Amino acid sequence: MREPNVVAWNAVLTACLRGEDVKGATDLFDLMPFKNLTSWNVMLAGCMKSGEVELARKAFSEMPMKDGVSWSTMIVGFSQKGYFDEAFGHFRELRRVGMTLNEVSLTGVLSACAQAGAFEFGKILHGFLERAGFLWMVSVNNALLDTYAKCGDIAMAGLVFERMPQKRTIVSWTSLLAGLAMHGHGDEAIQLFHEMASTGVMPDGIIFISLLYACSHTGLVKEGCTYFDEMRNVYNIEPSIEHYGCMVDLYGRAGQLRKAYEFACQMPIPANAIIWRTLLGACSFYGNIELAEKVKLKLSELDPYNSGDHILLSNVYAVAEKWKDVAAVRRSMNDLKIQKTPGWSMIEVDKVMYTFLAGVKQDDKIVVEAYEKLKEIMLRLRLEGGYAPEVGKVLYDIEEEEKEDSISSHSEKLAVAFGIGRLCKGKKIRVVKNLRICRDCHVMMKLISDVYNVEIVVRDRSRFHSFKDGFCSCRDYW
């Protein structure tokens with residue numbers, strides 16, 4: 001082309017980014033003799049999609065003019081990539097400069113609240129949405145419902161659902177049902193499913209995943225099997241790999257490990273690593289060494305470098321005090337250069353998110369403060385609650401005192417200790433964790449809720465645990 005115009009340049013730029021050639025797109029972008037707003041927005045979206053957050057941030061700061069698409073791209077991108085504070089910050093700045101809000105930016109910032117567990121920020125947003133008249137949008141209501149459910153307030157999620165001014169979509173029903181499942185309200189989830197069916201809304205495959213998940217997390221094995229059959233025979237929905245995974249999880253959590261293994265072996269589609277990993281987790285929980293070794297062989301073929309699989313097998317051996325086998329697993333991890341996924345927990349205090357890492361004793365004053373408070377809490381729990389650390393799951397054949405140090409630095413303990421030190425009396429402590437909560441932390445949270453007369457809500461990677469008066473909402477089934 002002798003004189004390519006800006007449309008032509010944008011077309012080539014889009015092609016580079018769709019082909020995930022970020023370097024080529026960046027070089028091309030620098031060569032462009034003229035750029036319009038579309039050029040900048042294409043670059044922003046492409047960088048965010050490719051995970052090049054810093055490049056997107058740089059481009060955004062250099063933009064001569066920004067529109068609603070530019071701001072929405074940054075807010076949604078930060079939210080999807082886990083940069084929650086940046087998503088909140090850009091939303092505040094968007095409002096400060098007087099830019100018109102749109103559906104995408106609103107659902108994007110609500111999504112960030114949901115993922116981060118930023119309950120207080122979500123409540124403020126709710127008030128703003130109501131005052132500004134945005135609650136007529138179904139998508140915004142769905143995002144708000146999802147935010148409350150994932151921030152640990154299923155009652156408010158239900159209230160948003162009941163008050164929706166527009167006709168509820170399948171997304172609305174699915175969001176609430178998934179929330180009930182995450183909170184361990186299996187019977188309520190089943191009731192909601194029947195209510196949905198009575199309104200004429202046809203269930204899809206996604207809502208059946210949430211329904212089976214709800215049955216799995218409350219031990220409703222018979223009901224789960226019934227709905228799995230109904231999905232095929234009544235609603236003509238062919239099960240996907242996710243549905244089969246839910247069934248393996250259903251049997252595994254209930255301790256029916258042999259049945260779960262046979263189900264996985266007899267599936268009409270090959271079981272993937274996630275399904276075998278689910279079963280390995282159940283074997284670890286119930287201490288079935290023989291089956292755990294079989295399942296680990298399957299995982300070694302499908303995903304040999306996954307750190308979690310090695311850790312789960314180590315847990316099985318450690319509980320049985322088979323330290324030579326534990327050492328062999330650790331050597332295997334070292335030989336394969338596999339690093340353990342670090343545990344982290346987040347807590348919101350005064351609308352600011354704080355993150356704590358497991359076992360990392362930093363000089364940061366926030367971390368030091370959390371450790372000091374945790375020492376005080378543990379001493380009080382020993383004296384008043386009879387707390388004794390459960391060291392059985394620690395992976396090394398080391399002295400008891402060292403084992404206690406290892407489990408006392410779990411990230412959720414630090415986050416809760418920080419919350420007790422900083423939050424006002426009577427405030428609910430809400431923590432989001434990236435891994436499954438361990439048995440010792442679970443016991444400790446129950447004791448803290450009783451001794452300190454505080455309610456603690458922990459969202460781990462699979463469900464919610466609400467601790468109050470020495471009890472957990474999961475009824476020790478998780």
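Residues are called buried at under 20% relative accessible area, exposed at over 50%, and partly exposed in between, with a 1.4 Å probe and protein chains only.

## Basis of the model

The structure is a predicted model, in which local features need pLDDT of at least 70 and side-chain atom pairs count only at pLDDT 80 or more, while totals for chains, interfaces and linings use all residues. Residues are numbered from 1 along each chain as its sequence is written, and side-chain values use heavy atoms, with hydrogens and water left out.

Helices (H or I, at least four residues) and strands (E, at least two) are DSSP runs, numbered from the N terminus.

## Salt bridges

A salt bridge is defined as a side-chain nitrogen of Lys or Arg within 4 Å of a carboxyl oxygen of Asp or Glu. By this rule the model contains 20 salt bridges. Side chains of opposite charge can pair when their charged atoms come close.

Arg 57 is partly exposed, at 26% relative accessible area, whereas Glu 54 is exposed, at 51%. A salt bridge also links Glu 376 to Lys 373, with an N to O distance of 2.9 Å. Both residues belong to helix α21 (residues 365-385), where a separation of 3 residues corresponds to about one turn. Glu 376 is partly exposed, with a relative accessible area of 41%.

In the salt bridge of Glu 455 with Lys 428, the closest N and O atoms are 3.6 Å apart. Glu 455 lies in the loop between α24 (439-451) and β4 (456-459), and Lys 428 in the loop between α23 (411-422) and β3 (429-433), so the pair ties together parts that are 27 residues apart in sequence. Glu 455 is partly exposed at 24% relative accessible area, and Lys 428 is likewise partly exposed, at 31%. Salt bridges with shared partners also join Glu 120, Lys 123 and Lys 427 into one network.

Two strands are taken to pair if DSSP finds at least two bridges between them. Strand β1 (residues 344-349) has 5 of its 6 residues buried, so it is largely enclosed by the rest of the structure. β1 pairs with strand β2 (residues 352-357) in the antiparallel sense over 6 bridges, and Ser 345 stands opposite Phe 356 in β2. The hairpin of β1 and β2 has 2 residues between the strands, and Asp 350 there takes a positive phi near 55°.

β1 also pairs with β3, in the antiparallel sense over 3 bridges; the bridge partner of Met 346 in β3 is Val 432. In β3, 5 of the 5 residues are buried, so this strand is largely enclosed by the rest of the structure. In a regular strand the side chains alternate between the two faces of the sheet. For β3, the buried residues are Ile 429, Val 431 and Lys 433 on one side and Arg 430 and Val 432 on the other, so that both faces are covered. β3 and β4 run parallel and are joined by 4 bridges, with Val 458 in β4 as the bridge partner of Val 431.

## Helix α7

Helix α7 (residues 103-116) has 14 residues and spans 20 Å from its first C-alpha to its last. This is close to the 20 Å expected at 1.5 Å a residue, where the expected span is 1.5 Å times one less than the number of residues. The buried residues of α7 include Leu 106, Val 109, Leu 110 and Cys 113.

At the start of α7, a side-chain oxygen of Asn 102 comes to within 3.2 Å of the backbone nitrogen of Val 104. After α7 comes Gly 117, which has a positive phi near 75°.

## Surroundings of Arg 253

Arg 253 is found in helix α15 (residues 241-253) and is buried, at 14% relative accessible area. Apart from neighbours within four places in sequence, Arg 253 is in contact with Ser 216, His 217, Tyr 286, Ser 462, Tyr 477 and Trp 478, contact meaning heavy atoms within 4.5 Å.

The side chains of Arg 253 and His 217 make a polar contact at 3.4 Å. A polar contact is a pair of N or O atoms within 3.5 Å; within protein, one must be able to donate a hydrogen and the other to accept it, and residues adjacent in sequence count only if both atoms are side-chain atoms.
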